[in-house]
Amino acid sequence: MEIKIAEPCRFCYGVKRAVDIAQMQAKGYNGSIATLGELVHNPRVVNSLKQQGVQCCDTLEDFSAGDTVIFRSHGVGPEVYAEAERRGLKVIDATCPHVRKAQKTAEELAKEGRFVIIIGEKRHPEVQSIKAWAGEDSAVIETEDDLGFLPDRDKFGVVSQTTFEAEKFNLLLQKSQELRPADYKVMRTICTATAERQAAARRLAGRTDAFFVFGGKNSANTRHLWDIAKAVNSRSYLLQDASEITASMLAGAVKIGITAGASTPQEIIEEAIVTMETMESLLNEHESMKLHIGMIVEGTVVDVTNDEVVVDFGYQSEGSVAFDQWIQGGTKDTVAPTVHNGDKVTLKVIASENQDGLVVLSKVRAEADKVWQDLPKEFEDEKKVVTVKGLRAVKGGLTVAYKDVTGFIPASHLDLRHVDDVKEYEGKELQVSLLEINPEKKRLVFSRRNVLREERAAKNQAYKEERARREEARKEALAKAFETFHEGDIVEGTIRSIVDFGMFVEIAPYVQGLVHISEVSWDRSVKPADLYKVGDKVKVYIKGLDEEKGRISLSLKQLQEDPWQTAAKAFHVGDIVTGTVIRFLPFGAIVKLNDRNEGMIHISEIAPQRIEKPEDVLEIGQEVKVKILRIDSENKKIALSITKAKEDAEKAEMRQYLGKKGALSQGIGDKLAEVEGK
């Protein structure tokens, strides 16, 4: 067993000074002398002073005029100094210089008009003394929950308990600045010796199998040392002295680390070393298995409690497997129903013994070790794609679970684009490939970006190949189509797309023709989307084939009867009909005959006499009787005449008249013949 002591250790300057002052005052002193409260937080030191004549009183009321009071290293408030003077007491001030500096700093910050924030333990006498010097305009912040009590102020001053943990101080300071933005004056009053002692404890605890912190359990700086050690070594113990050391604490530990609170005397550390060395020899005599952290053992389940699975693995103590060390994220509800007495299991030793004397084991870590051994072979193909599950967003990326080990995906490898919020990947299953593996360092780094790149490249290649294949097939089909189809053919096709200028209709696989918007319907106001939708089957007329350009022109209109032609069937050359003048031309007038048909009256057919322009005789909207002179169905033109209609009307009237009066004179007959001959 190797025992190492963290340096610095033993009494700090402030404690040593206070103890020296008290002991010096006790020598040859005949009067009553006592400390106000425990001089330091260590029972052995306090008892030693009592044996030397220095008692301990809780309040100034316990003193009589003329007595000597020693103010302890934690310091007192200004009102205590004043009360001691009123009572006629002799004051010996053993306040630690670092504490005194913190008190004065708090007082000065308050005089500057700043609200004083004291970061430390509310009930600690040192913190209470600092607050007394800061005055009413101050508050003690011990946890984040206390930040809500901070008032809104323009200026804050910040001091700390001299033995407070630096990391906690920085965290609470940051949170207070975020919650109450203002002008901050920060005075870091943490004792340098305290910070060094904490740093040394952290370093040594992380390098040893078991770590011991000795000191008074009501000592703030001692508790902080223990908190720091526990964060890096689960087998960290807070003991008052060597009498509390047990064999289970030392079992399996090859390297032992020791530190002590600032008020712990050297003799306690020396006693602890002797006790540990004695216990080591006893353990060696009785130990049947050489246990060490990290070893793999085979065990048999003997019990399942409310907190753990208990196993027998052939050691003098049984093993304890926490539910979350049986399976990742395990609980009693998920583990207990699956585990039975007598089950065989492979486990890893992660701590020699816990507070119940059981060796701490892990099934999860044993399985993880096995995975680490097999991983290099599994990832011989670096492009192999596996599935991982996102665990937690951390600085720089995302931790992920793969089988029974934890890996990492850098933020830059999470996606093809920049990732603003890594948390969105927590709990998601991700396809990744290997980026880096180091089994010795338990380092496993994946890339999702590389997988996405490969997928995108594969899709692009597949798309190019498919496009090339389709283009080749289209060319072959189009060449065949120009051999098969002819202008004037009527074929069935499927509408593949509708655009502003018409529709594309597939008339054979890979062969599409265009129905221009002008060939969709005889009604030019109708849009293709008003009549058809993609996927509709339609019959089309092949209007044109342009083999050189690879274009096929289609028509739907050609398969429909022309509404103009249909309406025009009602008219015949020679008919007298009524129409409405709708517009004028330089050489005539346009007359609307019905909803579909219009006709034109040439200027020479408007009046019997010569006219300069149609509007000299006609008006827009005027109804006129016209005679149909010609119907040009191919060009959709109808020629009309007002004069011919009038002449026909006159002839008809004359015939009607002659029919009533009988034979007329030769002169009248000649006249009628003249009229008819015109």
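Modeller: Start with I70: its bridge partner in β5 is I92. Strand β4 covers residues 68-71 and is joined to β5 by four bridges. The two strands run parallel. Strands here are DSSP runs of E with at least two residues; helices are runs of H or I with at least four, and both are numbered from the N terminus. Two strands count as paired if DSSP finds at least two bridges between them.

A word on the source: this is a predicted model, where local features need pLDDT of at least 70, side-chain atom pairs count only at pLDDT 80 or more, and totals for chains, interfaces and linings use all residues. Residues are numbered from 1 along each chain as its sequence is written, and side-chain values use heavy atoms, with hydrogens and water left out.

Now widen the view. β4 and β5 belong to an open sheet of four strands, ordered β3-β2-β4-β5, with parallel pairing. The edges are β3 (55-57) and β5 (90-93), each pairing on one side only. On average, neighbouring strands in this sheet are turned by 35° against each other, direction ignored. Such angles are taken between N-to-C directions, from 0 to 180 degrees, using lines fitted to C-alpha atoms (for helices, over the stretch in contact).

β8 is joined by five bridges to β6 (residues 115-119), and the two run parallel. There, I119 stands opposite S160. Four bridges join β8 to β9 (residues 183-186), again parallel. V158 stands opposite V186 in β9. From β8 the chain passes through helix α6 (residues 166-179) to β9, in a right-handed β-α-β crossover. Right-handed means that, with the strands pointing away from the viewer, the path from the first strand over the helix to the second runs clockwise.
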